[in-house]
Amino acid sequence: MSTDARDPRPLILWTIAMALAGVVALYTVYLIRDVLLLLYVSGIFAIGFSPLVRWIERQRVLPVGTRVPRWLAILTLYVVIIGAIVGLFALILPPLVAQAREFWDHLPDLVARGQAFLIDRGLLQRQMSMQELLQRAPGTGGDTIGRVIGAAWGFFGGIFGLFTILILTFYLLVEADTIRSSFLRLFPRGRRSQVANASAEVTVRVSAWLNGQLLLAAIIGATAAIGLWLLGVPYFYVLALIAAVGEMIPIVGPIVAAIPAIAVASSVSGQQALLVALFFFIQQQVENHVLVPKIMERQVGISPVVVIVALLIGGSLLGVMGAILAVPTAAIVQVIYQELERRRADPSRD
C-alpha cells in the first residue's frame with residue numbers, strides 16, 4: 001500500500017516543534033530580562049551620546065591637527081559628565097548636611113507641635129515619645145533587619161547596574177561603526193540605504209530626547225530657585241539644583257527632590273513648609289501636563305498624547321526605568337512605523 005503524499009503528520013510535528021521552540025525562546029527571554037534591559041538602556045544612551053562623541057572626535061586639538069580618537073572622545077565625555085555630578089554633590093552636600101543637623105535638632109519640637117495640633121482637633125489622644133512613634137511607624141518591627149539588608153542589597157545592585165551600563169555604553173560607542181555595518185548586512189542590498197536613513201533618524205531623535213531632558217532639568221531648576229527664593233527658603237540655590245537633578249528621573253525624581261526643600265522649610269516654620277509643598281505640587285503638575293509633552297513634541301517630534309501614553313505605559317510596565325525609556329522608545333517605534341508607511345505608499349522603494 002503506497003504512503004499518502006499528503007500525510008499531515010510531518011506538518012503537525014513541525015508545528016509542535018516550532019511552538020515548543022517559541023515557548024523555550026520566550027522563557028529564555030524572561031529569564032534574562034534584566035540583562036536585556038541593561039543592554040537596551042546602554043544602547044539608548046550610546047545612540048543618544050553618539051552625535052556628541054562624533055563632535056568631540058572632529059575637534060583637532062591634538063598635535064599636527066590629528067582628530068581625537070574615538071575612545072578618547074568617549075572618555076572625555078565621561079569625565080565631563082562625572083565631573084559635573086561630583087561637583088554638584090560637592091556643592092549640595094555641605095549645606096544639606098548642615099540643614100539636616102539643624103532639622104534633627106528641631107525635630108522633637110516639631111513632632112510635639114504636630115501632636116498638639118492633632119490633639120486639639122481630637123485626632124490624637126495623647127502625646128507620644130519619639131520611641132513610641134518609631135515603634136508604631138510602618139515598616140518597623142521584627143523584620144527591620146531584613147528590610148535594611150534588602151535596601152542595602154538594592155542600593156548596591158543599582159550601583160552595579162549603573163556601572164555595567166556605563167561600561168556597555170562605552171564599548172557600544174567604540175564599536176558603533178562595526179555594529180552599524182553588521183546590522184545593515186542583515187538586510188537585502190536594495191533596502192540598506194533605507195535602513196541606514198531610518199537608523200540616522202533614530203539617532204537624531206534619541207539625541208534630541210537627551211537634549212530635551214537637559215532642557216527640562218534647566219527649566220525646573222531655574223523655576224525652583226526663583227520660587228524658593230521668593231518664599232524665603234534658606235539654601236534655595238542648592239535645593240533648586242536637587243530639583244533639577246530629580247527632574248532627570250521621571251515619576252519619583254521630582255517627588256524625592258521636593259523632600260529636602262520641604263524639610264529645610266519646616267525648620268523655619270510649618271507655614272513655610274506648607275507653602276513649599278504647594279509650590280512643588282503646582283510645579284510638578286505643570287511639568288507633567290505641559291512642559292514634558294510640549295518640549296518632547298518640539299525636541300523629539302512626538303505628539304503630547306503619545307508622550308503621555310508612553311510615560312503611563314512605561315511606568316506601569318517597568319516603573320521608573322520604564323518611564324525613563326518611554327519617550328525614546330516611542331520615538332524609535334514612530335520612526336519604524338513611518339518608514340513602513342513610506343514603503344507601503346511607494347512600493348518602488350523596495
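Reader: What makes you place Tyr27 in a helix, and which one is it?

Author: In this predicted model, Tyr27 sits in helix α1, which spans residues 9-31.

Reader: And what makes Tyr27 part of a nonpolar patch?

Author: Patch members need over 30% relative accessible area and no salt bridge, with nonpolar side chains joined within 5 Å. Tyr27, Val29, Tyr30, Leu31, Ile32, Val35, Leu36 and Leu39 form such a patch on the surface, and together they have about 750 Å² of accessible area. Helices α1 and α2 each supply at least two of the residues, and α1 gives the largest share, with 4.

Reader: Why are α2 and α7 called roughly perpendicular?

Author: Angles of 65 to 115 degrees get that label. Helix α2 (residues 33-57) and helix α7 (residues 189-230) pack at about 90°, their axes 8 Å apart, so they count as roughly perpendicular to each other.

Reader: How do you know which residues meet where α2 packs on α7?

Author: Contact here takes heavy atoms within 4.5 Å. On the α2 side that picks out Ile44, Phe45, Ile47, Gly48, Phe49, Ser50 and Pro51, which meet Val202, Thr203, Val206, Ser207, Trp209 and Leu210 of α7. Sorted by class, this contact has 9 nonpolar and 4 polar residues, and no charged ones.

Reader: What makes Asp177 and Arg54 a salt bridge?

Author: The cut-off is a side-chain nitrogen of Lys or Arg within 4 Å of a carboxyl oxygen of Asp or Glu. For Asp177 and Arg54 the closest N and O atoms are 3.1 Å apart, and the pair qualifies. Asp177 belongs to helix α6 (residues 176-184) and Arg54 to helix α2, so the bridge ties together parts 123 residues apart in sequence. By this rule, the count of salt bridges comes to 3.

Conventions. Residues are numbered from 1 along each chain as its sequence is written. This is a predicted model: local features need pLDDT of at least 70, side-chain atom pairs count only at pLDDT 80 or more; totals for chains, interfaces and linings use all residues. Side-chain values use heavy atoms; hydrogens and water are left out. Axes are lines fitted to C-alpha atoms, for helices over the stretch in contact, and angles run from 0 to 180 degrees between N-to-C directions. Angles under 35 degrees count as roughly parallel, over 145 as roughly antiparallel, 65 to 115 as roughly perpendicular and the rest as oblique. Ala, Val, Leu, Ile, Met, Phe, Trp, Tyr, Cys and Pro count as nonpolar, Asp, Glu, Lys and Arg as charged, and the others, Gly among them, as polar. Patches are made of residues with over 30% relative accessible area and no salt bridge: like charges are joined within 9 Å, nonpolar side chains (Val, Leu, Ile, Met, Phe, Trp, Tyr) within 5 Å. Accessible areas come from the Shrake-Rupley method with a 1.4 Å probe; for residues, only the protein chains shown count as cover.
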